[in-house]
Amino acid sequence: MVIINDSCIGCRQCLAYCPVGAISFSAEEGRSKLDLDECVECGTCYRSEVCPVDAIEYPDLDYPRTLRRHFSDPTSRHELTRMPGRGTEEVKTNDVTNRFKVGEVGVCIEMGRPGIGTSIMDVETVTKALSKYGVTYEKKNPLVALFSNAEKGEFKDEVKGERVLSIIIEFVVPVDRVTEVLKAIKKVSCEIETVFSISLAGMIDDDGSIPVMEIAEKLGLEHKPNAKINLGLGRFLEA
Amino acid sequence: MTHSLHREGSVKSLENDYVILITPAISVNDKGSGEKLKRYLKILVEEGVENIGDVEHGSIKSGLTIEKLDSYLGDGKRIRAAISDKESLKRILARIKEEDMGLSITVSGLVDNIFEMSRELGIKPHSINMALGVWGKVSLLPEERIREITTMCGHHMVSSSLVKEAIKKVRDGKMTPEEASEKIGKLCVCGIFNTKRCRMLLEQG
């Protein structure tokens with residue numbers, strides 16, 4: 001994003017809108033200042049139309065800064081998935097895609113959520129920790145385009161200096177490996193400078209029992225009372 | 001994406017906060033989905049939604065009209081909506097089941113309530129994405145009452161600073177809870193921010 005110095009009148013109205021607190025007020029210069037290292041290019045300041053003199057602009061960006069926009073601005077379209085947003089269809093269409101099968105657990109680690117943001121370096125800290133467990137990342141997730149070596153959880157050098165609002169590490173593990181993977185995630189969560197929201201995805205049994213909930217409870221992990229539930233009303237298109 | 005999953009709050013606070021996602025699966029049933037989506041939209045509007053939109057064009061809280069949204073719906077598009085009471089959700093699901101159009105329907109909200117409603121309607125839930133909370137450097141997080149509002153915008157376009165400012169303005173009588181919730185809700189680009197719940201939370205101070 002850009003705040004045009006000559007146009008800004010220093011009214012400070014934009015300050016509260018930035019989700020990552022990248023806009024501050026310079027008393028010395030009498031205007032708002034944007035910290036480009038912290039700005040994740042989400043576009044909120046621009047879309048809010050809060051600036052009374054249109055001093056906020058939504059510029060074209062060059063790679064790798066474009067990654068900030070793709071992972072932060074839901075109105076932008078990922079080059080990899082050609083879809084808006086940071087994730088995939090995951091559980092949303094599982095009733096017709098069968099992505100999470102019986103005996104498998106989907107794990108979603110949304111780095112930087114809620115509202116803190118993350119460096120790509122912190123994301124790499126987690127993916128490197130996961131590399132010991134041979135996880136296979138969801139290939140439709142835009143995260144995979146950043147890897148230089150997915151097996152080792154390493155990212156391309158040019159992307160490591162970027163920051164984004166959030167990025168989802170998404171993979172499937174067999175039920176019998178989920179305990180060790182979750183323990184590893186818990187351990188690495190103490191080694192990062194941000195937060196992540198974590199979730200488990202899986203099938204619901206015919207009798208209505210929820211295996212992923214039982215796994216979490218067995219491990220003594222708190223789960224929230226709310227969840228995202230695929231109601232099983234989808235079906236294949238008739239030929 | 002997990003943008004409707006990580007809404008925070010107590011069971012009481014979440015009692016009337018649901019998100020419905022209607023998603024054609026690419027290369028599975030997206031062909032011809034545009035006309036179906038228009039029918040789903042009609043059901044949602046007739047039975048009552050708090051917010052609705054699509055990420056490419058915004059929400060009814062940011063100026064999108066239902067007519068415009070309808071005109072944008074085509075094959076492979078998606079509908080997202082926030083519903084602020086259980087009875088509306090139940091009526092919507094009953095009609096969706098009855099019309100049996102075959103697109104995937106996901107509801108985010110209290111698990112017990114969704115399961116109970118499903119039983120009553122003869123719906124058999126297929127799969128689940130279940131939140132385990134926030135891990136990592138949680139000292140960076142704003143307090144929970146702020147997150148109850150910010151997490152209703154799953155893409156996190158709502159800053160904690162703006163919510164704090166709104167709480168103060170409401171407390172000081174400079175803004176009504178309704179004005180504040182509409183102002184905040186405008187920032188959610190996909191239409192899942194529940195402005196009614198936001199207003200209720202702001203009324204609590």
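Trainee: How many residues of chain B are in contact with chain A?

Mentor: In this predicted model, the contact joins 72 residues of chain B to 75 residues of chain A.

Trainee: How much area do chain B and chain A bury between them?

Mentor: Buried area is counted over both partners. Here the two chains bury about 6,800 Å² between them, and carbon and sulfur atoms account for 62% of this area.

Trainee: How many salt bridges does the rule find across the interface, and how many residue pairs in polar contact?

Mentor: A salt bridge requires the side-chain nitrogen and the carboxyl oxygen to lie within 4 Å. The rule finds three salt bridges across the interface of chain B and chain A. Among them is the pair Asp206(A) and Lys124(B), whose closest N and O atoms are 3.3 Å apart.

Trainee: Which elements of chain B supply the side that touches chain A?

Mentor: At least two residues each come from the helices α1 (11-14), α4 (86-99), α5 (111-121) and α7 (160-171), and from the strands β1 (18-23), β5 (104-110) and β6 (127-136) of chain B. The largest share, ten residues, is that of β6(B). By residue class, this side of chain B comprises 35 nonpolar, 23 polar and 14 charged residues.

Trainee: Which strand of chain A is joined to β6(B), and do the two run parallel or antiparallel?

Mentor: Strand pairing is read from bridges, with at least two needed. Strand β12 (residues 195-203) of chain A is joined to β6(B) by nine bridges, and the strands run antiparallel.

Technical notes. Residues numbered from 1 in each chain as written. Chains lettered and ligands numbered in written order. Predicted model: local features only at pLDDT ≥ 70, side-chain atom pairs only at ≥ 80, totals over all residues. Heavy atoms only, no water. Contact = heavy atoms within 4.5 Å. Buried area = accessible area lost by both parts, 1.4 Å probe. Helix = DSSP H or I, 4+ residues; strand = E, 2+ residues; numbered from the N terminus. Nonpolar A, V, L, I, M, F, W, Y, C, P; charged D, E, K, R; others polar.
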